[in-house]
Amino acid sequence: MEEKSIFSIIFPRKKSVPVRRRAFIMSSILFLVVFIFGSITFIIFMGQVIVSNAGQELIKTVEYERLRLEALVNREIAIALKMADSPVIKRYFSNPGNADLEEIAFEEFEAYRRAFSAKTVFWVNDTDKLFYFNNNVQYLINPEDPDNYWYLLSLNETEGYNFNINFNPDLNITNLWINAPVFDNYSNPVGVVGTGINLSDFIDSIYRHYSGTADLYFFNSEKEITGAKDVSVVAGKVKLQDELGKIGAEIISKMNHFDAEGIRYFETRHKKGIAVIGTIPALDWYITAYQGFSITDTLNTGMTIFFSSLMIIMKIIFLSLFTVHESKLARSRALAIKKLSIEESDNKLNK
């Protein structure tokens, strides 16, 4: 009995299983805690990285499109002002009934038409008030018509140029028109010339080479959207805050404290995401873009796959080490039992 009790004390068979099980459970819990804590830390870290990277990418996109539109507008303005200052066009506007001047002027307009990016030109002389578009009469201007507000504004209140925007429901396009008054040699206004920029084509070109998910908008100082992927918001003169809700209100708030030229980037408060806003001085417009984020944006990354794979590998290594340890422990126990049995047999023989 005494020898049996010593054997039992050294190698308690019944108690060894729960001890191993407890060790395995404690190790698994420890691994689970590390995994959960590491996952949370990883998700927070990756979320910040993704937002920062997306913000920088959005800044580059907005800056590029802002400069591209401004360069296009400035180029068209320069050509329109040169056309308005043409001596041939000035003489023709002062004498629209002169057939010889008309022929020369039409050739001049055709040359300017080819110089404009949209290959379009229009003009109206204040004598007959016929609206010409690409050398063809379109209609007779009625200055009292509210839709023709731009004509008297250009003729009587503009020294250089002005803009107006209109939406063509038949073609489903938005045009930005550059209007330049023509003055005779005595500084009297005698007509208006200009060209149109197809904003719909311009915005379509943005999305053709932009692979992100952000939506871009142009809007004026009255907060009316002047350019968007959805042309209906431009046609309806929808305000930015009405289109984007609280996000739009945040952007407007930043705009009101944004005096310098350039780009501003910030994380939105009302909904997780980023917004970028920039100025377009040539038009007295703004450009903005908003991109929202969710937990799936953080999880759907290559780093997430790497992290998950790493955790699986660590779990496999942990189980392998535990199994090897248990195997070694079992072999040691078996050898100890065998050795003790031999010693007991020798002791009995000696007695």
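Asp126 is partly exposed in this predicted model, at 26% relative accessibility. Its salt-bridge partner is Lys129, with N and O 3.4 Å apart. Lys129 is partly exposed as well, with a relative accessible area of 23%.

Salt bridges that share partners also build a network, which joins Glu110, Arg113 and Arg114. Within it, Arg114 pairs with Glu110, the closest N and O atoms lying 3.6 Å apart. Both residues belong to helix α4 (residues 99-115). They sit 4 residues apart, about one turn of the helix. Arg114 is partly exposed at 49% relative accessibility. Glu110 is partly exposed too, with a relative accessible area of 22%.

Helix α2 (residues 13-84) holds the pair Arg68 and Glu65. Their side chains meet in a salt bridge of 2.9 Å, N to O. The two are separated by about one helical turn, because they stand 3 residues apart in the helix. Arg68 is partly exposed, at 25% relative accessibility. Glu65 is buried, at 1%. Buried means under 20% relative accessible area, so Glu65 falls in that class.

The model has 7 salt bridges in total. Three of them, including their N to O distances, are listed here.

| Arg68 | Glu65 | 2.9 Å |

Key:
Residues are numbered from 1 along each chain as its sequence is written. This is a predicted model: local features need pLDDT of at least 70, side-chain atom pairs count only at pLDDT 80 or more; totals for chains, interfaces and linings use all residues. Side-chain values use heavy atoms; hydrogens and water are left out. A salt bridge is a side-chain nitrogen of Lys or Arg within 4 Å of a carboxyl oxygen of Asp or Glu. Buried means under 20% relative accessible area, exposed over 50%, partly exposed in between (1.4 Å probe, protein chains only).
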